[in-house]
Structures are given as structure tokens and as C-alpha cells.
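Have the sequence and the 3D view open as you read.

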Amino acid sequence: MSTATLVERPQPLYQALLQQQGRAAGRAIPTPIPIPIPHPLPVVGSRFLIWKQDPSVDPPGLRLSYVPSLVLDGPRDSRIATELPNVTPVHANTNRDFIFAPGTPEADCAHTFAVVRETLAMYQRIRGGAAIPWAWNIGGNADPITAFPRAGVTANAFYSRGLKALKFFYFTPANATQPVYTCHSLDIVSHECGHAVLDGLKPGWLGATNPPQTGGLHESFGDLTAIFLACSQLDQVDAAVAMTKANLHDRNFLAALAEQFGAALGSPQGLRNADNDLKLSQVGNEVHAISQVFTGAMYHVLADIFAFEKNRQAAVKDPTRVLLEVASCLCKLLVEAIVKAPPVGATYADVVNQMLAISKAQGDPAIYRTFLRNRFTEREVVVSPVPLTAMAEGRMNLADPNYTEGQDLVKMEARKHAADQAPQDRSACCGTMQLPEYMLGDQKKLEKGVVIVEEDMIAAEVAELKKMFAR
Ligand SMILES: [Zn+2]
């Protein structure tokens, strides 16, 4: 085939134009090659303006965030609704975006919806995209969860299975003039949504008759949800990596949880900090403190894996990309371990052993399991068969993916503590763990995911009273 057939000649009209312009007629000119392009899909997503941490944390500050799924006025979709009397439904603009002046009631509705949606999407993505049910989505029930961004005045927030709701309150701190809205905090909104996601996966874990560590897993999952959500967002990860020069033990907003809320209560480092060193022997049966032991160990494992992988992949990947990837892997490992853990009464060791087994089965480097073993031994969760002197003395070979501290373990003994069988002390927990439905509700029904409303509890008491008064 000659080149003449491959190169189109100018059409007569165009040729005339070329001649008019004094350009060489008949010369082959470049023509666009018709490359098939994908048929454009309708744009269904919406943009939201959200605080990536909370109003007190900048960077990352206030950013535009894209939710790529269909969001209706409310905002609402098939899984999440929003309610604020006299304000909802909040209407999207003509571009289907929910962008309002920060701090207005409309913006609070949009902000809360967006963070709940991002949290649910994160967990569904790491589980392959399938819908994660809310606890009441059983027997064909598909009711959404309803977020209440301004539920009332108090310094708290909670998830309630009975109300099928996430409620966020606001309060004015002493010596302040402006209220603090808990719905402005990505950490608080994702923490409460984390309780809801975990209740869907493990309905038997919320009841107060579980041992203290099961309660600790619930509280910790809320905090880890906030950390993993931030670590799933490129802008947040990039800001944290730059802030810390890629060292997660430097002070940063990923480890500090609910900064504005904490500052209002006198804790400038956040309400809680995941970069802690608490051990089980230091926390007794107080669930909120126990949760920090698990959160701290997981955060340290994240920092360890990140340190290992950013060195190993230094020539081929930017640290930001490495952190995005390792946080997603660790989040997935935790969720899959939780799914496989016992339906009631789960302990930290149950979840750690599942993480070790899954990590081995999926072919992670052995050093990942060494990090898990070291950090959870250090926290007095499990017992290592050999002393962890190499880690204590800083001699661990962080460059060796097969490093095992003697043996690649996939099952470890739980370390026993006096508080293991004590009742849960939930006095310092978030609002979720203090709701009567989980303390006083029928525990057997709770374990099956049945919705227990407070009226049911009163009705049960009335039935008891009737029996008593009949005598
Ligand atoms: Zn909580």
C-alpha cells in the first residue's frame, strides 16, 4: 500500500483555501485520526464543601469534595437521609452540588451527609463494593440511616440502632461565645458512623453484657474509622505526609481525634490521640480507656508498615501514595478480621489472631505479622513466645520483609487480665455506648440485630409491674 492511500488529500474547498493562503496545495496535511471515545455517561455525582478535619484544623482546612454517586435533595440517597426541622430537604443547585456558606444549617446538613456517605463508601469499597447493611437491614428491610446534624444542645454525639439514626449535638464551651458543632468534625461524624457500620457487621458486639474488650473494640473501631477515612483521602494524606516528613509519630491531625471538641474541653491534642502507649494493665474495665489500647496498637502498626514500605518502595513511589495504599490494606485486614471474629464476646486477641491468619493467607510480607505481634504484645494483649528484645533495643531489621523475631506466628495466646470478666464501665464513652437500648435492652434480641426502641423497654417494665401488682 502506498503512502498516498494512507494520507488523505485536502478536499477541494479546503484546497482552494490553502491556495488562497499561498500554501502548497496537494501537500499532505495532518488530519485527526478518528479514535473512538467512550460514550459520555451522565454526571450523577455532587460536590460538597467540607472541613477535612474540623474548623480548627488547617491544613487541610475546608475543601471541595466530590461524591460520585447519585444524591437527591435532602441530601439523601438510598442508604442515608438527613433531617433538620425547617431546613431539610436542602436543595442542590443546578449543577446538583450542595455548596453553602460554611456553618449555616444547610451547610451542616450537606457536611454531615457527605462524611457519612464517604465513610460507608470507604468500607464498601474495601469489601469489594457490596452494600454493607445497617443493623436493621434484615428480612428485606432496606431503611436508610438518618443523620441529624443539629440534634440538640449537649457536648455529645451518638449512633442509635433503635432510632436508626446518627445524632450530632452542639454546645457552647465555658468562656466561649460561639458554639461547637460536633457535626463539623470529620472525626466525630465518621466515628459515630463507624459504630453503625460495625453494628451492621457484628450486631452482637454492642450489648453491655459483653466483656470490656468487646466494648473497647466498638469504641476503637469508631476512632480507627476516622483515621482510615482521613488516610483514604489524597489531600489529607498529602498534608499529613508533608507536615510530618512522612513520620507518623510526629504530631499530626491523623492521630489527633476531634481536635476542636477536645480543645473546647481542655485537651489541645484532641479528644483522644491514637499515637499513645497505653497498656491493658493500665486501663481496668473502663471501655473508653481500653479502646485507646487497641487504637494505639493499630496506629503503631500503621506507622511501622508505612515506615517499612516507604523505604522499600522509595525509588518507585511517593510516600503519599505508599501511605494511601498501606492504610487501605490495614483497614481491610482489620475489617476482614472483625468479620471472622466471634459474634459475641470478642476479645482483642480474637481480632489480632484473625489479622495474623488473614495476613499470612493473603501473602503479606512476614514483617507485617511481626509488627502486629510486637505492638499487641507491647500493649499486653497477647503473649509472645520469645522476648521482643530486638524491638525494645531498636535492632529490628526493618529492611527485611521476612523478619519474624524467631517464628512467623499466626496464632498467639491472649494475655489474661483481672478486668477481663468485669462488667463494662461505659461512663467515659461516647454517647453511643451510653444509650439505654444497649445497656438495658434485651441482649439476645440485640445480638440478632433486632431494633430495640425505648418504648419497648418501658413496655417490658410495665409488663413486669403488671405481674407484680397482680399478686
Ligand atoms: Zn463511640
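This is a predicted model: local features need pLDDT of at least 70, side-chain atom pairs count only at pLDDT 80 or more; totals for chains, interfaces and linings use all residues.

Start with the peptide bonds, since most of them are trans in proteins and most residues other than glycine have a negative phi. Here, P59 and P60 are joined by a cis bond, with omega at about 5°. You'll find P60 in the loop that runs between β1 (46–51) and β2 (62–67). There's another cis bond between T88 and P89, again with an omega of about 5°. P89 sits in the loop between β3 (80–82) and α3 (105–126).

Now for phi. K164 isn't a glycine, yet its phi is positive, near 50°; look for K164 in the loop between β5 (157–160) and β6 (165–168). K245 also has a positive phi, near 50°, and belongs to the loop between α6 (234–244) and β9 (256–257). Is K245 buried or exposed? K245 counts as exposed because its relative accessible area is 76%, and the cut-off is over 50%.

## A histidine tucked into a loop

H184 lies in the loop between β8 (180–181) and α4 (186–201). H184 counts as buried because its relative accessibility is 6%, and buried means under 20%. Which residues does H184 touch, leaving out those up to four places away in sequence? They are W51, Q53, D54, P55, G103, D108 and H111.

In soluble globular proteins, nonpolar side chains tend to be buried together. The largest nonpolar core in this model has 123 residues, and F294, L334, V351, M355 and F376 have the most contacts inside it. Helix α8 (residues 287–312) gives the most to this core, with 14 residues.

Zoom in on F376 for a moment. Setting aside neighbours within four places in sequence, F376 is in contact with F294, A297, M298, V301, V352, M355, V381 and V382.

How do α3 and α5 (residues 212–230) pack? Their axes are 11 Å apart and the angle is about 90°. The two helices are therefore roughly perpendicular to each other, because that label covers 65 to 115 degrees.

On the α3 side, the residues that meet α5 are V115, E118, T119, M122 and Y123. Their partners in α5 are F221, T225, F228 and L229. Sorted by class, this contact has 6 nonpolar, 2 polar and 1 charged residues.

Conventions. Residues are numbered from 1 along each chain as its sequence is written. Side-chain values use heavy atoms; hydrogens and water are left out. Helices (H or I, at least four residues) and strands (E, at least two) are DSSP runs, numbered from the N terminus. Buried means under 20% relative accessible area, exposed over 50%, partly exposed in between (1.4 Å probe, protein chains only). Contact means heavy atoms within 4.5 Å. A nonpolar core is a set of buried Ala, Val, Leu, Ile, Met, Phe, Trp, Tyr and Cys residues joined through side-chain atoms within 4.5 Å. Axes are lines fitted to C-alpha atoms, for helices over the stretch in contact, and angles run from 0 to 180 degrees between N-to-C directions. Angles under 35 degrees count as roughly parallel, over 145 as roughly antiparallel, 65 to 115 as roughly perpendicular and the rest as oblique. Ala, Val, Leu, Ile, Met, Phe, Trp, Tyr, Cys and Pro count as nonpolar, Asp, Glu, Lys and Arg as charged, and the others, Gly among them, as polar.
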